[in-house]
Amino acid sequence: MTEELRPGRPVVRMKPKAEARAIRHGFPWVYADELVTDRRTQALDPGTLAVLEDGERRPLGLVTVNVNSRIIARVLDRDPLAELDAAWFEARLGRALAHRARLYPQPFYRLIHAEADGLPGVVIDRFGDLAVVQPNAAWAEAALEVLVAALVRVTGVATVIKNGSGRARSLEGLAEEMGVVHGSAPTGPVRVPMNGATYMADLLGGQKTGLFFDQRENHAFAARLANGARVLDVFAHVGGFALAALASGAVDALAVDASAPALALAEQGARASGVADRFATRQGDAFEVLEALGAEGARFDLVICDPPAFAPAKPALAAGLRAYERIARLAAPLVAPGGYLVLCSCSHAADLQAFRNASARGIGRGGRRAQIIHTGFAGPDHPVLPQLAESSYLKALAFRLDG
């Protein structure tokens, strides 16, 4: 790439022995040990846009650089001359919207799923005429105004909320911030129709963006097992599995969570869904509640455990797998003969095989035998980049337990 073709941007270069072919074939990340980090590169501010070259100085694309991160560069565009203007954002948002609009008759879904939708570090969830944006990368924080304006033009949403919280932002050196960046703040929880139930999402004070759309398909599968069943939903948050089960004919459902505000939203959702008379909650540590239910001799036809990420990164993998095994060990004895146990993991570091093995060990240690009847993943509004295993994080295993 000649000097006159460079768009006034800094240039970063991969080391001669680094595997540039992976980048050409669609892998979106460059790791710190693959990049030449001379003084000029080290001086770049987090989120700086730069032209990426291979070891022979051939252009690979436009990247965003953060020298403080193990993922030192993220590919934004294969065209090194691309301009991140309104048209660039609108094109990506429009492509993402066309996919979701084909899938869902109502505008409640994940609209942007980071790298898989071509916006590294950006998450956007849509709740009707409201949207919640998580700019989890420094480049997105810097481009937030243009991104939000494009979002409003493409989708027509009236309100955009910035959710600037979480581990990903801290890794990028970004401060935690929450607020309305377009339109007016919602006056209370937002009603979300899904799988025949109505959920209540707190977009300004809830976990993540207020609701976990990724479990929609797994909620639906579990609900198929729920007709006429007694249901236990552990780590229930705002009632995800429990409310879907009740909408599909469950006799009753008990939702367990450590968060009183989350359970209050679940109760509101039960009332809005017309199933409050069959819905109960129990606040407390999930492990302790599972042990207590076992001591009480409680039995359920369907038990679901959907914990937070016990292994968000590789250093936590061993401890995380032990926690998943313990959950399975405590939950299995609560399942009535011939009943079902659904175990979930949203841990990036625990792949499907490791999670399956930990779950099976736990069920065995709980004195039960089981067959796997279904394996679920995040819904199609959470696309997976084929070259990036990390974009496939959610696993759900449905077991039928012995008599």
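1. Let's start with the lining of the second largest pocket: by class it has 11 nonpolar, 3 polar and 7 charged residues. Here Ala, Val, Leu, Ile, Met, Phe, Trp, Tyr, Cys and Pro count as nonpolar, Asp, Glu, Lys and Arg as charged, and the others, Gly among them, as polar. A pocket is an open set of points on a 1 Å grid where a 1.4 Å probe fits, with protein on both sides within 12 Å along at least five of seven lines, and lining residues have an atom within 4 Å of a point.

2. Keep in mind that this is a predicted model: local features need pLDDT of at least 70, side-chain atom pairs count only at pLDDT 80 or more, and totals for chains, interfaces and linings use all residues. Residues are numbered from 1 along each chain as its sequence is written, and side-chain values use heavy atoms, with hydrogens and water left out.

3. Who sits where in that pocket? Of its 21 lining residues, Arg78, Arg92, Glu115, Gly118 and Leu385 are the closest to the centre. H3 gives the largest share of the lining, 4 residues (helices are DSSP runs of H or I, at least four residues, and strands of E, at least two, numbered from the N terminus).

4. Arg57, in the loop between strands S3 and S4, has a phi near 65 degrees, positive though Arg57 isn't a glycine. Phe235 also has a positive phi, about 60 degrees, and lies in the loop between S13 and H8.

5. Buried or exposed, where does Phe235 stand? Phe235 is buried, at 15% relative accessible area, while Arg57 is partly exposed at 46% (buried is under 20%, exposed over 50%, partly exposed in between, with a 1.4 Å probe and protein chains only).
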